[in-house]
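Student: I have just opened this entry and would like to talk it through. May we begin with the ligand?

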Amino acid sequence: MLQVKNISFRYKKQAVLNDISFNVKAGEHLSIIGESGSGKSTLLKLLYGTYDLDKGQIFWKDSEISGPKRNLIIGPEFMKYVAQEFDLMPFISVSENIGAFLSNFYPEEKQARISELLDVVELKPLAKTKVKELSGGQKQRVALARAIAKQPEILLLDEPFSHIDNFKKRSLRRSLFKYLKEKNITCIVATHDKDDVLSYSDTMIVLHDAKIIANDTPEYLYNNPGNKLIASFFGEYNNIKPRGIIYAHQLKLTNKSDLKALVKQSYYKGHYYLIETDLNGETVFFENDTALKNGEHVFLNFIK
Ligand SMILES: Nc1ncnc2c1ncn2[C@@H]1O[C@H](COP(=O)(O)OP(=O)(O)OP(=O)(O)O)[C@@H](O)[C@H]1O
């Protein structure tokens, strides 16, 4: 189990993280979410031992993870960290980068392992290409493969699919998280993308004002967002008194109700339209099968 106990950290004067505690069981996947600047990357760096903590302790099983004051080499053996900027070797091939830290002692096993990793990140056709010739998304996939090459016990991922296009992202996400679960690799992901969280994380924590404001399963927090920050992570939402937070898909058209709104705009979303309305001076969104006329009055009802 990873145990984070009452850690605090500041770069300069302002606290980035203040008295943060949480646990992650071996093999579990945790997501860290929060607004830009809320400290997600900093938390990953602290878990990796990049900086010395101002307060608190971090343990993996029985070993304490400590910062540079006590460690010459940053990052414990059992952990790998894929940062937002990936540190690859540009003049050697994709395969050579992935195998860079694998032993040359058993060349056949090494090649088989590289081949397996190329499949996980779907880079086989580019195996022999030099990294300097790759796109940002392709480099990100090499960095992911290299991080799991030696099968770490814990993998820390900072926005792991941020450079990867939507075609590839979905299948890569499935393939990577399935692989990590099969190998029982504990994974901690800092992300802005609800699709990294909903289907693949066992738990999620939400950072705000240097604190953890929620720590629960994605399903629970999706159904009980409790505040605007969490609701906005999952989708378009409204705050309708006295009901509170209501996602756009939880409102529908009806013949007559107390919620009379004025249509302002319809946005095409593929299999539905997002309708922007004015309800007593507040903007309210709901989903509808068809576009509606601007200026039309409609009645809304809650679905639940
Ligand atoms: N090396 C640094 N020196 C000083 N301040 C820093 C440093 N790195 C980050 N910060 C500050 O710490 C705070 C948290 O930054 P961090 O990168 O951890 O946020 P984040 O949640 O990962 O953001 P994003 O979602 O934009 O990646 C920010 O206010 C940032 O400006």
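**The ligand and its surroundings**

Tutor: Around the ligand stand Tyr11, Val16, Gly34, Ser36, Gly37, Ser38, Gly39, Lys40, Ser41, Thr42 and Ala190, a residue being near a molecule if its C-beta atom, placed from the backbone, lies within 6 Å of it. This is a predicted model, in which local features need pLDDT of at least 70 and side-chain atom pairs count only at pLDDT 80 or more, while totals for chains, interfaces and linings use all residues. Residues are numbered from 1 along each chain as its sequence is written.

Student: Which helix gives the most to that shell?

Tutor: Helix 1, residues 40-47, gives the most, with three residues. Helices (H or I, at least four residues) and strands (E, at least two) are DSSP runs, numbered from the N terminus.

Student: How do the shell residues divide into nonpolar, polar and charged?

Tutor: Three are nonpolar, seven polar and one charged. Here Ala, Val, Leu, Ile, Met, Phe, Trp, Tyr, Cys and Pro count as nonpolar, Asp, Glu, Lys and Arg as charged, and the others, Gly among them, as polar.

Student: Changing topic, is helix 4 mostly covered or exposed?

Tutor: Helix 4 is mostly covered, with ten of its 13 residues buried. A residue is buried if 20 or more other C-beta atoms lie within 10 Å of its own, exposed if 12 or fewer, and partly exposed in between, with C-beta atoms placed from the backbone. Among the buried residues of helix 4 are Gln138, Arg141, Leu144 and Ile148.

Student: What do the buried residues of helix 4 pack against?

Tutor: They pack against strand 6 (79-82), helix 2 (94-98), helix 3 (107-120), strand 7 (154-158) and helix 5 (166-182).

Student: And the open sheet: what is its strand order?

Tutor: The open sheet has four strands in the order 2-1-4-5, with antiparallel pairing; two strands pair if DSSP finds at least two bridges between them. Its edge strands are strand 2 (15-24) and strand 5 (63-64), each pairing on one side only.

Student: How many bridges join strand 1 and strand 4?

Tutor: Five bridges join strand 1 (residues 2-10) to strand 4 (residues 55-60) in the antiparallel sense. Leu2 stands opposite Trp60 in strand 4.

Student: Finally, how many helices and strands does the chain have?

Tutor: The chain comes to eight helices and 17 strands. Of its 304 residues, 33% are buried, and its C-alpha trace spans about 75 × 45 × 35 Å along the principal axes.

Note on methods. Contact = placed C-beta atoms within 7 Å.
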